[in-house]
Amino acid sequence: MKPSATIALVGNPNAGKSSLFNELTGLRQKTGNFPGVTVDKKSGTWSIDSQTTATVVDLPGIYSIYPKSLDEQIVTDILANPAHPDYPDVAVVVVDASNLHRNLLLFTQIADLGVPVVLALNMLDVAQQEGKDVNAVQLSMLLDVPVVRINARTGEGLDHLKKAVIDKIHKPAASGKLFFDPAQEAAGLIADTKSQYQLDNNYLALQYVIQHDGFTFLDQPQRVGLDTLIDKHQFSEPTFQAGETISRYKHIGTIVDAVVKSRRATDQPTWSQKLDRVLLHPMWGYAIFLFILLLIFQAIFAWAQPFMDGIDAGVAWLNGQLKESLPAGPLTNLLTDGVLAGIGGILVFIPQIAFLFLLVSLLEESGYMSRVMVIMDRIMRKFGLNGRSVVPLISGVACAVPAIMATRSIGTRRDRLITILVTPLMSCSARLPIYTILIALVVPSQRVLGIFNLQGLALMVLYLLGLISALLAAFVLKLFLRTKERSFFIMELPTFKLPRWNHVGLTVWESVRAFVWEAGRVILAISIVLWVLASYGPGDAMDQAETRVRQQNTTLSDQDLQNRIASERLESSYAGQFGHFIEPVIRPLGYDWKIGIALLSSFAAREVFVGTMSTIYSIGDGADDEGVTIRERLRQERNPQTGGAMYTPALAWSLLIFYVFAMMCMSTLAATQRETKSWKWPAVQLVYMMGLAYVAAFATYQFLK
């Protein structure tokens, strides 16, 4: 059924708006961009009843109709422009019942704009815990709008919300009550604006006056006309806006006093406040955060290992079965040594990716991640970053692309630019397959102090190295990018809550699906191209290599001879010759031509490295090892110069350090270009990160060898 209405979810950050969105839309969601801008747009379908299906748009969180960042500007652009494609038939304003005084400011502004409104009274359980009783019926009468009691975390009250929304769709009249009338203070200006721009709402006319420079739907002559009206009436925007805010809060205070009854002494702390005394402590807060990080990385290795071993063995078994059952030839080799080897190199890491997103999602759901942002703000400022930079940096642990897009909430241009440039240094989930397979090769799986797994500790060190390097890079960049702008970090701490397992499950599923789908498509394409380049060579170079091996190794067993022939043919292929071409550049890092091929292919996406190595070693090995896993192939690889193991601790750590710093992700560079609207900054990002990666990997190899 085609959606017949548009429902906008509006509210303060942490009011439960996104939770309600998930409850209403379930899996019927999609992510895109708002028209004309690159700000993320979450929308989904909501089957309200048998006759009505609505499009639900989850608008960015905002405290006031007056925006302070790019994502907040979107909300005003939509609500002040009835011609906008996302202008709502009904705006569901989600408010935190435990903090009505602050939440109702935004509601009164939206109601005064003339938008049909339903007020969703959320987090009543939190209000009860704090000893507050909210009279929803009286609140509805005083506000003159439908007020519905809901619990966005559990879905309680959604039937009543459906009825209120349906009634408002059929009878879309806005509230007849004005909470603030600008015509009382600036009658002439409001009258002239309404007349000149064909408006019939006083508060909308005021927004035209105050925000005309930011409104994307106004053209330059219209903006000039509004500037003329401002000069004519000698309008002072800061003074008027301050008076409006004071007037609104006086009105809101009267309403809150009437509908909220408190049973708790004002000096009695809540249990969230008691926890915050420890979690936000200048010493214990950091100690607890580091301990939680340690547990996460321990779990990634310990819990995921049995599942990884099963997938690894399963892919190797399937590869062997296909080679035995399918007729020998190029198509079979393409399927087994190309496609399956490459994709198998990613599938094996699904358990670790899933556990990483599971544990991070639990921290976000519980409310702890907001505390991390607050304590990290103290560190960020010492390195010249805005406290809001913590959000994209932490998001960068999952993926740098959405993390860079999250910098839109940073108000100052310099802080936003520095955050964009350093965010890719945070170790994203695409690096995890590289980290885990190389750590498993050279770090023994043994206990430290009887509790901690040594491999988990090594993984934590790599993630901390990424964070430290991001901070140091930010410190250097702030010396070159100077500004007089001052930045502020204001964040509301949500109360602690028990995780909603359905939301955690949805987050893990979406994250793993996106990882596999996005990486899988790239890997499939690269695996096919790589197989072709590694299976064919210029002229008869590969046949000559085989003839040469047969003539020079007459005493080898059949199997050893086949292994040597396969290796020589690979070395003579297009891929092998290209690898040899770049080998002089990477040899100081300890890498050979095979690793060089993987480095080049992983410029498309870091996670391609493992799939490429799997494909290279599948083609280069003999025919009797169909059941050998990728880790065993790497462990068995010999150094042709020394005859010893190729993947020594020096080489493995050099590769690990290289990938901590390297900019090996075209999507990240594209995101940087889109956000900065220039190719200059992606070029700066690429050059400084690749230079840092090369120098650090060189130093690591030379020191450890």
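This is a predicted model: local features need pLDDT of at least 70, side-chain atom pairs count only at pLDDT 80 or more; totals for chains, interfaces and linings use all residues.

Visitor: Which side chain does aspartate 192 meet in a salt bridge?
Guide: Aspartate 192 pairs with the side chain of lysine 232, with 3.1 Å from N to O.

Visitor: And where do those two lie?
Guide: Aspartate 192 lies in helix 7, which covers residues 187-196, while lysine 232 lies in helix 9, residues 220-233, so the pair ties together parts that are 40 residues apart in sequence.

Visitor: Is lysine 232 buried or exposed?
Guide: Lysine 232 is exposed, at a relative accessible area of 59%, whereas aspartate 192 counts as partly exposed, at 24% relative accessibility.

Visitor: Switching topic, what does arginine 414 form a salt bridge with?
Guide: Its partner is aspartate 415, and the closest N and O atoms of the two are 3.5 Å apart. Arginine 414 counts as buried because its relative accessibility is 19% and buried means under 20%; aspartate 415 also counts as buried, with 3%.

Visitor: What about arginine 587, which residue is its partner?
Guide: Arginine 587 forms a salt bridge with glutamate 583, where the closest N and O atoms are 2.4 Å apart. Here arginine 587 is partly exposed, with a relative accessible area of 31%, but glutamate 583 is buried, at 13%.

Visitor: Last one: which residues are linked in a network of salt bridges?
Guide: Asp112, Glu244 and Arg248 are linked in such a network.

Methods:
Residues are numbered from 1 along each chain as its sequence is written. Side-chain values use heavy atoms; hydrogens and water are left out. A salt bridge is a side-chain nitrogen of Lys or Arg within 4 Å of a carboxyl oxygen of Asp or Glu. Helices (H or I, at least four residues) and strands (E, at least two) are DSSP runs, numbered from the N terminus. Buried means under 20% relative accessible area, exposed over 50%, partly exposed in between (1.4 Å probe, protein chains only).
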